[in-house]
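Here is a short briefing to read alongside the model. Have the structure open as you go, and follow the topics in any order after the lead.

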Amino acid sequence: MRQLLTELTAIPGGLAHEYPVMCYIRDRLKGKVDTMMIDGIGNLIVSRKGALEGPEVLLAAHADEVGFIVSRIEPQGFIRFELRGGQDSRTLPFMPVVISTDKGPVKGVIGYISAHMRRFDNAEKVTDYRDLYIDIGADSAEQAKEMGVALGDAITWDTPLTQLGKDKWLGHAFDDRAGCAILIKMYETLDFSKVHGTVWSVFSVREEGGLLGAGVAARSLARDHAFDVAVAVDTTPARDTLEPRLNDHGVELGKGPTVKILDNSYQATPSVFKKIQKVAAENGIPCQDEIYMGIGTDAGAIYISGCGVPTSGISIPSRYCHSAREIVHERDMEQSLELLNAFLLSLEDKDEFRHKL
Ligand SMILES: [Zn+2]
């Protein structure tokens, strides 16, 4: 799992620039799924049929990551940028980034006034991203362009996955390559001779832009498929650090995956989240209930697609989400996979989650 997540997060995949991530997943899943396609917006959609009759299941994990795009090249060779996805300007200065250009990756660092010169600045002020710039080592705009940098190029964090302590991983884009890793591992480990129905997965684009890719995929698939249940696999912010205001209710790292009840994008279907909780209890997998309005996931676009889809989510707790340095717990990753696999094996009845007349 660690090796897979290391490789997945090493591939830059800003919004609308997810194709290299999709190519990696395509190669990895070749021979392990029955169908594979990329739609017009760039979603990778795969499916595998179980040996037994049963429900059509739709899973989702997003392949994009928060980042930036090049918005201006200054005469001195510095790069100005626009935000893509939910970024906090306080987290940006001095972070390493990589620009994905047509000539290949260009490394840089987000520049700002040094500590020695703070007296020339307003120490109280939160620096807006518009005052920041990326230093790629170019001396002029011409040199920056020669290096391949062009307006619209995607910029993402350049922080490779490293081990932290004995069981935690530090890196970027865990949101939501961690979810992609779980879906990939599911196709690699689940015994499909025991699976009822078909397991579809959308590796979605542009989630951080407003659940855009998953919405497109769910609506277009709904023309031919009436999904019986859907689960989005994503990360969710942990609230177990030292900030006192976060400790009122808390998802914690290392306490198992969360089961989605409510977030800002949707209210989960009770029959689905209760089934996931039941499966976790029956299999001895720890899990945490999640009610948090500060986040949305692809499920928020999926549950209102077609004629409506009973939906919930499984999330991996993560510290410092949407920064260059997120932390996830190895055991939460393994248990998220276990829970997803156990849930898929538990499904038999097509109509289990629907109200009946
Ligand atoms: Zn996410």
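Strands E7 and E8 (residues 133-135) run antiparallel and are joined by 3 bridges. Strands pair here if DSSP finds at least two bridges between them, and the elements themselves are DSSP runs numbered from the N terminus: helices (H or I) of at least four residues and strands (E) of at least two. Please keep in mind that this is a predicted model, in which local features need pLDDT of at least 70, side-chain atom pairs count only at pLDDT 80 or more, and totals for chains, interfaces and linings use all residues. Residues are numbered from 1 along each chain as its sequence is written.

- Valine 97 has glycine 108 in E7 as its bridge partner.
- E6 and E7 make a hairpin, with 2 residues between them.

**Two domains**

- The chain divides into domain 1 (2-65 + 172-346) and domain 2 (67-157), with bounds that come from an automatic or database domain assignment.
- Taken over C-alpha atoms, the centres of domain 1 and domain 2 are separated by 31 Å.
- Domain 1 brings 12 residues to the contact and domain 2 brings 15 residues; two residues are in contact if their C-beta atoms, placed from the backbone, lie within 7 Å.
- The side of domain 1 that touches domain 2 has 4 nonpolar, 6 polar and 2 charged residues. Ala, Val, Leu, Ile, Met, Phe, Trp, Tyr, Cys and Pro count as nonpolar, Asp, Glu, Lys and Arg as charged, and the others, Gly among them, as polar.

**Strands around E12**

- Strand E12 (residues 196-204) is mostly covered, with 8 of its 9 residues buried. A residue is buried if 20 or more other C-beta atoms lie within 10 Å of its own, exposed if 12 or fewer, and partly exposed in between, with C-beta atoms placed from the backbone.
- Strand E2 (residues 44-49) runs antiparallel to E12, joined by 6 bridges, and valine 46 has serine 201 of E12 as its bridge partner.
- Strand E3 (residues 52-62) runs parallel to E12, joined by 8 bridges.
- Leucine 52 is partnered with histidine 196 in E12, and valine 57 with valine 199 in E12.
- E3 also pairs with strand E13 (residues 229-237) in the parallel sense over 4 bridges, where valine 57 stands opposite valine 229.
- Because 9 of the 11 residues of E3 are buried, E3 is largely enclosed by the rest of the structure.

- Helix H4 (residues 174-189) has 16 residues, which at 1.5 Å a residue should span 22 Å; its end C-alpha atoms are 21 Å apart, which agrees. The expected span is 1.5 Å times one less than the number of residues in the helix.
- H4 has 14 of its 16 residues buried, so H4 is largely enclosed by the rest of the structure.
- Helix H5 (residues 212-221) is likewise largely enclosed by the rest of the structure, because 8 of its 10 residues are buried.
- The buried residues of H5 pack against E2, E3, E12 and helix H7 (299-302).

**The largest nonpolar core**

- This core has 99 residues, and those with the most contacts inside it are Leu58 and Ile302. A nonpolar core is a set of buried Ala, Val, Leu, Ile, Met, Phe, Trp, Tyr and Cys residues joined through C-beta atoms within 7 Å.
- H4 gives the largest share of this core, 9 residues.
- Both domain 1 and domain 2 give residues to this core, so it lies between them.
- Not counting residues up to four places away in sequence, isoleucine 302 touches several residues, including Leu58, Ala214, Ala218 and Val309.

**Backbone spots worth a look**

- Most residues other than glycine have a negative phi, and most peptide bonds are trans.
- The peptide bond from aspartate 175 to aspartate 176 is cis, with omega near 10°, and aspartate 176 is in H4.
- Arginine 206, in the loop between E12 and H5, has a positive phi of about 55° although it is not a glycine.
- Histidine 322 has a positive phi of about 65° and is in the loop between strand E16 (311-319) and strand E17 (326-329).
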